[in-house]
Amino acid sequence: MNEALPELNLPSPAQPFRPDWANADSLQIWVKRDDLIHPVISGNKWRKLKYALPSSCTGAILSFGGGYSNHLHALGYACNKLGLPFIAVVRGHYQSQMTPTLKDLATWGARLHFVDRKQYALRDDPAFLQSLQTQFPAATVIPEGGSQQAAIRGVSELLTEPGPDFDVVMAPVGSGATLAGLITELKPHQSAIGVAALKGQGYLEELVSRLLPHRYPRWHIEHEFHNGGFAKASPELIHFCTVFNSEQGFAIEPVYSGKLFHAAKSLIERGTFAPGTRLLLLHTGGLQGARKSDL
């Protein structure tokens, strides 16, 4: 896929981060700016798709997401650049009120297949997948969020890129592949913290564990910062993102990255991390959520 995207910015930089938060000055903090990898296929989306779209692929690609899906947006753009037909199975009936994300997909030639929430809940069901294969013969199915073994390989590479030695890495968690990929590359002195972007205590841990080749220690998921569920944001979170974007020199949104940085601020101010801790915050890119909230 690299050949079709010559504008990729790799390796992504790890930039020092010095927020005006209580206790932050006692830590060393960096932001891994995966949002700078590509203007459209940014962050973990590019890493999760890198090995999922081999250059030998010639048939249609089919995948799943909502009306503001970063995954569908990135995959639709990549398929357009690679000359591959793309079928987006979209949760919800947006035909009469297309989102900016879906308008982009249509412009890039994607076929939009709308399903209701009940049908969408079957996206991993073998019988439902078989019905899609019958409707779209020879299509290669990529799971929601790109979460599959190929994604783990792509994400794990980010910790092999030049960058600071860290003690703790934090990343948002949606479909589990990003955190799983990070866990597989941790050194013995390192740990990983996931920040849940949706309600799913136990469920998210299961998603991550299912993607790991064996049991790994030194990781957990924080569940108190999802703000009521996926793509939901409290006034406090919206305010935090707005102030952050005006002060920090790079953008976050309330679906994934905003919840990560809000969690980091809360944990740092509580004294969760010992003085001197080296903390790496992974900005996973994907700002489609900002198009919904007008941040």
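# Questions on a predicted model

Visitor: Is Asn227 buried, partly exposed or exposed?
Guide: In this predicted model, Asn227 has a relative accessible area of 21%. Buried means under 20% and exposed means over 50%. The value for Asn227 lies between these cut-offs, so the residue counts as partly exposed.

Visitor: Where is Asn227 found, and what is its phi near?
Guide: Asn227 is found in the loop between strand S9 (219–222) and helix H9 (235–247). Most residues other than glycine have a negative phi. Asn227 is not glycine, yet its phi is positive, near 60°.

Visitor: Which class of accessibility does Asn23 fall in?
Guide: Asn23 lies in the loop between S1 and strand S2 (28–33). Its phi is also positive, near 75°. With 36% relative accessibility, between the 20% and 50% cut-offs, Asn23 counts as partly exposed.

Visitor: What is the omega near for the peptide bond from Leu10 to Pro11?
Guide: Pro11 sits in the segment before strand S1 (14–16). Most peptide bonds are trans. The bond from Leu10 to Pro11 is cis, with omega near -5°.

Visitor: Is Ser69 buried or exposed?
Guide: An unreviewed UniProt entry places the feature "active site" at Ser69. Ser69 lies in the loop between S3 and H2. Its relative accessibility is 10%, and the cut-off is under 20%, so Ser69 counts as buried.

Visitor: Which element gives the most to the lining of the largest pocket?
Guide: The largest pocket has a volume of about 1200 Å³. Elements that give two or more residues to its lining include helix H1 (43–49), helix H2 (70–82) and helix H8 (203–211). The most, four residues, come from H8.

Visitor: How many residues of the lining of the largest pocket are charged?
Guide: The lining has 45 residues, and Arg91, Arg123, Glu144, Phe230 and Tyr256 lie nearest the centre of the pocket. At least three residues come from each of domain 1 (14–42 + 148–290) and domain 2 (53–146). By class the lining holds 18 nonpolar residues and 18 polar ones, and the charged residues number nine.

Visitor: What is the volume of the second largest pocket?
Guide: The second largest pocket is lined by 14 residues, with Leu159, Glu161, Gly163, Pro164 and Phe166 closest to its centre. Its lining has seven nonpolar, two polar and five charged residues. The volume of the second largest pocket is about 210 Å³.

Conventions. Residues numbered from 1 in each chain as written. Predicted model: local features only at pLDDT ≥ 70, side-chain atom pairs only at ≥ 80, totals over all residues. Heavy atoms only, no water. 1 Å grid on protein atoms, 1.4 Å probe; cavity = no way out; pocket = protein on both sides within 12 Å on 5 of 7 lines; lining within 4 Å. Points joined across faces, edges and corners; volume = space filled by probe spheres on them. Nonpolar A, V, L, I, M, F, W, Y, C, P; charged D, E, K, R; others polar. Domains from an automatic or database assignment. UniProt positions renumbered as here; feature names shortened; annotations may be inferred. Buried < 20%, exposed > 50% of the residue type's maximum accessible area, 1.4 Å probe, protein only.
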